[in-house]
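Hello,

Here is the structure I promised to pass on. Please open it first, then read my notes beside it.

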Amino acid sequence: MSNLFNKFLTGELDYDSSDDEEENAKISWLMVSNFHMMKSKSGECFTIPRKYIYRDRVSGNDRLYNDYFAENPIYPSNVFRRRFRMNRPLFLHILNVIQDCDDYFIQKNDGLGRIGLSGLQKMTACIRMLAYGVSADCVDEYVRIGETTTIKSLKRFCEAIIKCFEKEYLRSPTKEDVSRLLKEGESRGFPGMLGSLDCMHWQWKNCPSAWHGQFTGHAQNPTIILEAVASYDLWIWHAFFGMPGSHNDINVLDRSHLFSELAEGRAPLANYTLNGHTYNMGYYLADGIYPKWATIVQSISQPQGLKNKFFTMRQEACRKDVERAFGVLQARFAIIRGPARFWSHKDLRSIMRTCIILHNMIIENEREQSLGTEFDVSDSSPVIQTSHESTLCFSEFLSRHLKIRSSGLHFKLRSDLIEHLWMQYGQEDH
């Protein structure tokens, strides 16, 4: 075979192309693909066999289909939900959408006319890596897919998910969303609350050595920070990922885009009345490290008196929404719970965004009861166009920016909340 291959490379191989051109082309391609060209120290060329694993991809696809996707699958829907982290209809919906976006997930024939990997196999390998946090080689035995192909599929899968679903499932709250969140916050004793704010760290195992000092903080290991806002139903409304782990929550907040739309006048207004005072900006519950802004409500570190103690207890209870969201996100996708093994910062950002998008899709798909959309929606949100000819818009931007960071409004809002909670719930409990 080696001599035959050398003759093929030098053009000495004599075959009649008129007999069967397609068959001869397949033989030639097989020769090239199954041998490596090597050169000795003396300059003589020789060939060595290429390592090839026959995985029988067709039988692997048939087994996967019969186990989970047939009309009467072997494993029931509850097992599918536990192993794939989502229901079967949602899985198939995502597959259909990304197939329309990227034909990489459509089953094709290779150069020899053999059937390639199916979309089910590629997406299953990606979901298993995200859900279990395993290496790319671990899914080979069942899915029958190679390690390099799995890594490539994961990167293409993340790109397709972000391209197709980011606009809907990583959106800022709309007017309807703000109305629903305000109603939800009021029912919990916090009128005007839009969610809770906090950060989490994701350890980066393969961080380049030159970046270790930049990405290492209190955790003694390189980490990357995710800033997120979550509501009671665990939906993540805001996600800012990528800051090095040496930063604290205040540094991340200064770099994030959390209040950019509010400062530019494009965010829906959150009108509510609290203790006889009217407000038009929503707020987030946060811990003590965050600054005292009008849009952030902290607990009291050393509360004195029944009112302050009661407020601190209720604020810390509601603030756990984002901690619960982090816990569910990491339990659902173990890849972001353990150390990240990718080398590229860009790949880690794509994986994190993909996990959050899938998390929100699962939350929407499995919501036990419809939250409805029959809310009073205000249409008074101003529409401000950017202008370089007038200073009026810039003056308004500065005014809103200073209002967001006003410590006076922060203490006024917290004082009104303390009185409101005590009047509504505190006297009943004491």
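This is a predicted model: local features need pLDDT of at least 70, side-chain atom pairs count only at pLDDT 80 or more; totals for chains, interfaces and linings use all residues.

Residues are numbered from 1 along each chain as its sequence is written, and side-chain values use heavy atoms, with hydrogens and water left out.

**The cavity**

Rolling a probe the size of a water molecule over the atoms shows where empty space is left. A cavity is a set of points, on a 1 Å grid over the protein atoms alone, where a 1.4 Å probe fits but cannot get out. Its volume is the space filled by probe spheres set on the points, which are joined across faces, edges and corners. The count is one cavity of 30 Å³ or more. The largest cavity has a volume of about 30 Å³. Its lining residues (an atom within 4 Å of a point) include Leu-181, Glu-184, Met-193 and Asp-321. Two elements give two or more residues to this lining: α9 (175-187) and β3 (193-203). Helices (H or I, at least four residues) and strands (E, at least two) are DSSP runs, numbered from the N terminus. β3 gives the most, with three residues.

**Helix α4**

Which residues of helix α4 are buried? They are Val-79, Phe-80 and Phe-84. Buried means under 20% relative accessible area, exposed over 50%, and partly exposed in between (1.4 Å probe, protein chains only). Seen down the axis of α4, the buried residues fall within an arc of 110 degrees, so they line one face of the helix. That arc is taken from the directions from the helix axis to the C-beta atoms. These buried residues pack against α3 (57-69), α5 (88-101) and α6 (119-132).

**Two positive phi values**

Arg-85 follows α4 and lies in the loop between α4 and α5. Its phi is near 70 degrees, a positive value in a residue other than glycine. Arg-85 is buried, at 14% relative accessible area. Arg-144 sits in the loop between α7 (140-143) and α8 (147-169). Its phi is near 65 degrees, also positive. Arg-144 is partly exposed, at 30%.

**His-345**

His-345 lies in helix α14 (residues 345-365). It is buried, with a relative accessible area of 14%. A polar contact of 2.9 Å joins its side chain to that of Arg-349. Such a contact is a pair of N or O atoms within 3.5 Å; within protein, one must be able to donate a hydrogen and the other to accept it, and residues adjacent in sequence count only if both atoms are side-chain atoms. His-345 also touches (heavy atoms within 4.5 Å) Trp-204, Phe-215, Ile-224 and Gly-242, not counting residues up to four places away in sequence.

Best wishes

Definitions and conventions. On a 1 Å grid over the protein atoms alone, a cavity is a set of points where a 1.4 Å probe fits but cannot get out, and a pocket is an open set with protein on both sides within 12 Å along at least five of seven lines; lining residues have an atom within 4 Å of a point.
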